[in-house]
Each structure stands twice: as structure tokens, then as C-alpha cells.
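Hi everyone, thanks for coming. Let me put the model on the screen, and then we can walk through a few of its features together.

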Amino acid sequence: MDTNSAPALPLTSAPGFTAGRPPEWDVEIFMHGDEIQTALITLERNRRTFAWKCWDVDSDGLQLQVGRSAVTLGGLLKHLALCEELKFQSDLAGAPVLPEFRDVDHEATWETWAWDSAKDDEPEALRDLWVRAVHRSRATVAGILSESGLDYAPEGGMSLRRLISDMIEEYARHTGHADLLREAFDGATGEGPPREFPVP
């Protein structure tokens, strides 16, 4: 695939990246994509792997803790949804975050809020919150990429390139936590989801 012949296309559509929808898998793009394609497909691979670790897990599984750590799968769903909202809605677009995250002093409660508040949430509510945040992120990122590209940065803020990189790092770290928690719950292991796993 020649990704340089139509410079506008790789911004949102070359990796199948449509606002509100996940990209479709494309081996050629995965192996030889340009900077934007590589950034998006790496972020989406991390999202998909994390989703797989949290799916088909009941309330007991989402609240399971290992050792002295407060981290749970339910808390991770809430924490990563919050990270999506803060990075791509608040920091990048200057837009309000989802209602579930308003009226919370996140700076003061960053270390505890997600884990504590997730204890009272139903599994489907936690998964739905994360999916909604991800869909909003895709829509925002697609719009900004189509207009300005990876170098876009709000006044005084970080570039989209930096924010995507930070989000990839966030998922990479916490998917490792999810690996351990899922295995502790039901013994399920694996590096990545099967091809038929539906991308949220």
C-alpha cells in the first residue's frame, strides 16, 4: 500500500480509523505504516488487549486484589477511562469530561479514587464507561488529525503526538497489571486476544 500518494488519507482513514469506531486490522499498515498509522494502531492494539483482559469477568473478578495492592480490574477500567477523558477531552480539546468524572478532585484523590469508587459499580457499568470514553477519544483524535495532524497542541499544552504516546504508555503499564489480576481470578492467560475478539 502506498501511504504517501494521498497525504490526507492517512490522517484518519488509512488504518480504518473512523471517529467512534476502532480501526480494522491491516498487516501491511502494522508492518510499514507511517507515523500516524503506527501511533494509532499501537494505541488500539493496547486498548484491545486491555479490553480482552476485562471482558467476561463478573463483579468478584473485577474487585479481586492481589497481595497488598489496591489495584483491581474494575478500578483499571475506571482509571483508564478517566485517563482517556483527561488527555483527549480536557487536555487536548478543552472539552468537559464525562459526568462520572466531574465534581471529583482528581489531583487530590489520584491514587485512590478509581479503586475506591469502582467497588460500588456494576461490571457492565464499568465496561460501558470505558467504552464510551474510548469512543469519545477516537472521535476527538480523528477530528484533530484531519485538521491539524500530530503536531497540534492547545495553547500551553502538550502535542497530540505526546498525548498519544502517553496513552500508549498508560495502557502498556496497566495491561500488565490486568494480566496478573485476570490470571489470579480464573487462570486465563495470553499475550493478545484471538482475532475474533470484538473490538469495543
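Val27, Phe30 and Met31 make a nonpolar surface patch of about 280 Å². For patches, we take residues with over 30% relative accessible area and no salt bridge, joining like charges within 9 Å and nonpolar side chains (Val, Leu, Ile, Met, Phe, Trp, Tyr) within 5 Å; areas come from the Shrake-Rupley method with a 1.4 Å probe, and for residues only the protein chains shown count as cover. Phe30 sits in helix 1, residues 27–32 (helices are DSSP runs of H or I, at least four residues, and strands are E runs of at least two, numbered from the N terminus).

Please keep in mind that this is a predicted model, where local features need pLDDT of at least 70, side-chain atom pairs count only at pLDDT 80 or more, and totals for chains, interfaces and linings use all residues. Residues are numbered from 1 along each chain as its sequence is written, and side-chain values use heavy atoms, leaving out hydrogens and water.

Now, salt bridges: a side-chain nitrogen of Lys or Arg within 4 Å of a carboxyl oxygen of Asp or Glu. How many salt bridges does this rule give? The count is 16. In one of them, Glu84 meets Arg47 at 2.9 Å, N to O. That pair links distant parts of the chain, with Glu84 in helix 4 (residues 73–91) and Arg47 in helix 2, 37 residues apart. Glu84 is buried at 0% relative accessibility, and Arg47 is buried at 3% (buried means under 20%, exposed over 50%, partly exposed in between, with a 1.4 Å probe and protein chains only).
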